[in-house]
Amino acid sequence: MLYYLFEYLDKTLNIPGTGVFQYITFRSALAVILSLMISTIYGKRIIAFLRNQQVGETVRELGLAGQNEKAGTPTMGGLIIIIATLIPVFLFTKLNNIYIILLIVTTLWMGTIGFIDDYIKIFKKDKQGLKGIFKVIGQVGLGLIVGSVLYLHPGVTLRNETNKTITINQKENVIAPMAAEEKSTATTIPFFKNNEFDYAELLAWTGEGYENWAWLVFIPIVIFIITAVSNGANLTDGIDGLAAGTSAISVVALGIFTFVSGNIIFSSYLNIMYIPNSGEMTVFIAAFAGALVGFLWYNSYPATVFMGDTGSLTIGGVIAVLAISVRKELLIPLLCGIFLVENFSVVLQVSYFKYTKKRFGEGRRIFLMSPLHHHYQKKGYHESKIVTRFWIVGIILAILSIVTLKLR
């Protein structure tokens, strides 16, 4: 909203200094400062409200050290993240930008699913919360919306460089790069030269005109990524500060990708896709990162609030949509490696238990407990040590992901 006000003041009234709002970097700085202030200052009031409403965590008996002390700690703290993100976004972004619209829809959509799940657990006294099938339906529904918009909306384009002869004077012609915008389902394959891959190529075997059917591949892939990443974030939210911290690291890395991909100069220098209008997502990311860091003020050990599914599902959904929008979804296994390992540890544990029970008559386990962070708790590691080490791994993975901009 303020963006449009300052745009009017700059272009219509020519008030000095108001043009600074045109810069993504300036608006991103404002967004991160405001989101930090909201999440830290007003977060305390939200926590007090949740406590007064008796929105307390019901901790399952898992045999973990310090577990019982957490019972009754306010949950649904994801509301802090959502509020601290959306207020700066509404104030500082171009609200007619299709990427911003998608991210706002994602935040509200996944936040609503998580809120319903938390509400059922707390007020309906059902520890299972929202049935898994309904969660999946919600995630698939969001994936269908996001995939369809990215595929069909005219504002979602890529710009490829083409050579064109330009006449400088009567005697001299110069071949200069010219940008051509086009609809595309292309993405980036990390660590490879000539690393652009079009999902439509998977249908090349069908014959001429296969490009028209690219949505048959693209949309299901978007649905799968959103479902997988949101569930991965949900599983990672198990001990104080783990999900918020690792997510903040991944989000900051994605902010670098959106900034360079949305800037024609940097994208040309780095020889990466230039995605028109995608740079605006940097402002959203700044607000989101600030909200996550501010939330850590209260969620770090010992936590005075938990994010609940309201926060974890929202985090996963936003990260997935960001990665897909900037065409870096194939980097998710590296960038969000913590989510992947946590998810995979559960799949391995359950699969191996079922297999051994069928084969030997008794279920056996690979880990002392899954997800993986609980395995280390069972081994006697303190929560703070586990979280700090997971953060360090997350930073390493984020750096490796950023390095792919040039390492091919």
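**Reading the terms in this predicted model**

Author: Leu348 belongs to helix H12, which covers residues 337–360; helices here are DSSP runs of H or I with at least four residues, strands are E runs of at least two, and both are numbered from the N terminus. The model is predicted, so local features need pLDDT of at least 70 and side-chain atom pairs count only at pLDDT 80 or more, while totals for chains, interfaces and linings use all residues. Residues are numbered from 1 along each chain as its sequence is written, and side-chain values use heavy atoms, with hydrogens and water left out.

Reader: Why does Leu348 count as partly exposed?

Author: The relative accessibility of Leu348 is 31%. Buried means under 20% relative accessible area, exposed means over 50%, and partly exposed lies in between (1.4 Å probe, protein chains only); Leu348 therefore counts as partly exposed.

Reader: What makes the nonpolar surface patch?

Author: Phe344, Val347, Leu348, Tyr352, Tyr355, Phe360 and Ile366 make a patch of about 640 Å². Members of a patch have over 30% relative accessible area and no salt bridge; nonpolar side chains (Val, Leu, Ile, Met, Phe, Trp, Tyr) are joined within 5 Å, and like charges within 9 Å. A salt bridge is a side-chain nitrogen of Lys or Arg within 4 Å of a carboxyl oxygen of Asp or Glu. Areas come from the Shrake-Rupley method with a 1.4 Å probe, and for residues only the protein chains shown count as cover.

Reader: Why is Val318 called buried?

Author: Val318, in helix H10, has a relative accessible area of 0% and is therefore buried. Neighbours within four places in sequence aside, Val318 is in contact (heavy atoms within 4.5 Å) with Leu103, Thr106, Thr107, Phe284 and Phe288.

Reader: How do you know that the span of helix H3 is close to the expected one?

Author: The expected span is 1.5 Å times one less than the number of residues. Helix H3 (residues 78–92) has 15 residues and reaches 22 Å from first to last C-alpha, close to the expected 21 Å. Its buried residues include Ile80, Leu86 and Phe92; among the elements covering the buried residues of H3 are helices H2 (24–52) and H10 (308–325).
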